[in-house]
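Hi everyone, thanks for coming. Let's have a look at the model on the screen together.

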Amino acid sequence: MDRRALIAMLGLAGASRALAQVNRAIGVKAFRFGVTDVFLHDGAIHLWQDFLQSRLGMPVQIIQKSSYQESLEALRSDEMEAAWICGFPYVVAKGFVRLCAQPGWHGQPWYQSYLITSAGRTQAHSLADLKGDVFAFDDPLSNSGYLVPVVALRGMGQTPQSFFRGTFYTYSLHKVVEAVGSGLADSGTVDGYIWEILHQKRSPSALKTRIVAKSKRYGFPPIVTRKNLEPTLHAHLQHALLDAQSFVEGRRLLEVLDLQTFLLPQEGWFSGIQELSEILDGTHAPIPVGAIYETA
């Protein structure tokens with residue numbers, strides 16, 4: 001008897017117990033969940049594993065990728081079932097991934113991209129003030145760490161090559177903060193969620209930086225699954241995440257991530273990132289930088 005038939009036989013009610021029975025019956029392999037360096041917090045990998053195993057009723061393997069491109073390739077090639085990625089990779093990969101759950105920061109599905117520079121550079125108050133800097137990006141597929149400032153530059157008739165003295169990628173938002181705090185970069189672009197957590201925890205690197213400007217609000221990085229994943233398993237993961245607050249393992253995970261809940265995602269939350277993506281690929285006219293960045 002195949003997996004789908006077994007699930008149908010057991011019914012969807014009491015899904016956790018039913019799925020565990022199915023998994024034992026067919027000797028299921030581990031559920032593979034992807035994360036990147038972008039969102040890693042101390043101890044979070046084990047908490048993700050403990051929570052997902054307890055709610056899915058099956059072994060869970062946490063797969064750490066070093067870039068969003070690697071995460072997308074793993075989802076496309078069925079190397080992973082689900083992953084926590086950024087909104088820009090989601091927009092790029094809509095053909096083979098689907099939204100599952102939206103982390104709620106302060107209970108909301110939004111976040112902002114921050115431009116940062118050294119704490120002592122008090123005269124910089126806008127993107128224009130960073131001209132000629134050595135600038136740190138996160139990942140070429142990061143919304144806050146690449147797409148937002150690059151599209152803003154396009155609205156100014158500039159490119160990173162024409163505007164900055166030099167640029168580099170850190171492939172970690174934490175390392176963008178470290179690069180700016182240490183003086184390796186004059187300025188950089190970072191997820192406001194990450195910067196606020198580091199600053200709240202009195203990170204030495206974060207305390208050596210200040211915010212130059214904040215972007216408008218964009219859809220928070222979502223949890224996605226590959227589109228060819230069995231619908232029952234997608235629904236089971238979604239239910240587990242949306243109900244995370246009801247269980248000890250879920251509350252521990254949310255606390256470490258400084259999140260309050262997981263929300264049922266809506267496609268419209270990513271319309272702003274979709275617009276930026278279309279500007280980047282030339283299918284949408286540039287928009288003024290004032291439509292992207294708010295004042296700090």
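Predicted model: local features only at pLDDT ≥ 70, side-chain atom pairs only at ≥ 80, totals over all residues.

The chain has 296 residues, and 53% of them count as buried. Its secondary structure comes to 13 helices and 14 strands. Now take the contacts between residues at least 6 apart in sequence: 79% of those join residues at least 24 apart.

In soluble globular proteins, nonpolar side chains tend to be buried together. Here, the largest nonpolar core holds 93 residues, and the ones touching the most other members are Phe31, Phe33 and Trp48. Which helix gives the most to this core? That's helix H6, residues 143-155, with seven residues. Let's zoom in on Phe33. Setting aside neighbours within four places in sequence, its contacts include Trp48, Leu52, Met80, Trp84 and Ile223.

Helix H3 covers residues 44-56 and helix H12 covers residues 248-257; their axes come within 9 Å and cross at roughly 155°. Anything over 145 counts as roughly antiparallel, so that's what H3 is to H12. The crossing of H3 past H12 is left-handed. On the H3 side, the contact residues include Leu47, Trp48 and Phe51, and on the H12 side they include Arg252, Leu253 and Val256. Sort the contact by class and you get seven nonpolar, two polar and three charged residues.

Now the second pair. The axes of helix H8, residues 173-182, and helix H9, residues 192-200, also come within 9 Å, but cross at roughly 60°. That angle makes H8 oblique to H9. H8 passes H9 in a right-handed crossing. H8 brings Leu173, His174 and Val177 to the contact, while H9 brings Ile194, Trp195 and Leu198. By class, that's five nonpolar, one polar and no charged.

Last stop, a loop. Asp129 sits between strand S6 (113-118) and strand S7 (134-137).

Methods:
Residues numbered from 1 in each chain as written. Heavy atoms only, no water. Helix = DSSP H or I, 4+ residues; strand = E, 2+ residues; numbered from the N terminus. Axes fitted to C-alpha atoms, helices over the stretch in contact; angles between N-to-C directions. Parallel < 35°, antiparallel > 145°, perpendicular 65-115°, else oblique. Left-handed = near helix turned anticlockwise from the far one by under 90°. Contact = heavy atoms within 4.5 Å. Nonpolar A, V, L, I, M, F, W, Y, C, P; charged D, E, K, R; others polar. Core = buried A, V, L, I, M, F, W, Y, C linked by side-chain atoms within 4.5 Å. Buried < 20%, exposed > 50% of the residue type's maximum accessible area, 1.4 Å probe, protein only.
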